[in-house]
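I set out to record how the parts of this chain pack against one another. My entries follow in the order in which I looked things up.

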Amino acid sequence: MLEHVTHWLDIVGTAADTLLVARMLQLRLQRTYLFVALACVLAVFFDGVQLWLGTNSPENQRVFLYSRFLYAFLYPMVAWDVFEEMKGKVAQLRRLAVGRLISGLFFAALFGFIVSLFVSADNQGEQQMMGATLAIILWAGSCTATLAFLWTLQRTLKAQSLVRPNNTFVWMTFYELTLLAEIVACFGGVVASFLNATVQNILSICLLTYGIAITGWCVMRLKRIHSDVSTTANADASS
């Protein structure tokens, strides 16, 4: 029963991610939020792969793990991209906060490399285990460092009473909530072997419902960028 619920929630989640991409294209937000648009498109792509291969299939699990390497580098760029609509006001703040982001990614990569040194890679199974371990470490480290970057800039903006454009607020909130879910999912993946199937399915249902809710909220709250703001952002990007 729970497996059927999870399957239908996967379908609804894919539809929600597709609506988000369609909403971005309708509002032409991809011109300003390039890496955000890329992340949204990749979400739809990997959703489709998951439905095609099957959620619990070994092939999908391998795709999921190796996609974590991609997201480990994509999430920091997305967090930087979130503030493109007000880049002139936060240029110095972003440069100051990015130091913590880079250091977090560095230490995550270093820790993953150290752990991999203690994992033997004599056969294919052990090589896959080493790759999965490294992917989870980089994934968790990237999500944590990116979330800290967003929180740091959010507190700074509030302290300086800087007005955030609507889409900046929406994307910042959306990715803060998304990264929190990613960290929970990472922790759930680590302890999954200690949980029975029912608990795993309940956790999956909660995370899927949570993801659908915040994606739907994001779709409804996004607005078209005023032409003067969009022109300024594109001019700064081309210079």
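Entry 1. In this predicted model, I looked up the neighbours of F149, leaving aside residues up to four places away in sequence. I found that F149 touches A79, W80, F83, R94, A97, V98 and L101.

Entry 2. I then turned to the largest nonpolar core, which has 45 residues. F149 is among those with the most contacts inside this core, together with M24, F83, W171, Y175 and L222. The elements giving two or more residues to the core are α1, α2, α3 (58-81), α4 (87-117), α5 (124-159), α6 (166-191) and α7 (197-221). I noted that α5 provides the largest share, 8 residues. As general background, nonpolar side chains in soluble globular proteins tend to be buried together.

Entry 3. How do the axes of helix α1 and helix α2 cross? I read that the axes of α1 (residues 2-27) and α2 (residues 34-53) come within 9 Å and cross at roughly 150°. Because angles over 145 degrees count as roughly antiparallel, α1 is roughly antiparallel to α2. I recorded the crossing of these two helices as left-handed. From α1, the residues in contact include H7, D10, I11, G13 and M24; from α2, they include V36, A37, C40 and L51. Sorted by class, this contact of α1 with α2 has 11 nonpolar, 5 polar and 3 charged residues.

Entry 4. Lastly, I looked up A213, which lies in helix α7. Its C-alpha atom is separated by 9.2 Å from that of G13, although A213 and G13 are 200 residues apart along the chain. Is A213 buried, partly exposed or exposed? I found A213 to be partly exposed, because its relative accessible area is 48%.

Terms used. Residues numbered from 1 in each chain as written. Predicted model: local features only at pLDDT ≥ 70, side-chain atom pairs only at ≥ 80, totals over all residues. Heavy atoms only, no water. Axes fitted to C-alpha atoms, helices over the stretch in contact; angles between N-to-C directions. Helix = DSSP H or I, 4+ residues; strand = E, 2+ residues; numbered from the N terminus. Parallel < 35°, antiparallel > 145°, perpendicular 65-115°, else oblique. Left-handed = near helix turned anticlockwise from the far one by under 90°. Contact = heavy atoms within 4.5 Å. Nonpolar A, V, L, I, M, F, W, Y, C, P; charged D, E, K, R; others polar. Core = buried A, V, L, I, M, F, W, Y, C linked by side-chain atoms within 4.5 Å. Buried < 20%, exposed > 50% of the residue type's maximum accessible area, 1.4 Å probe, protein only.
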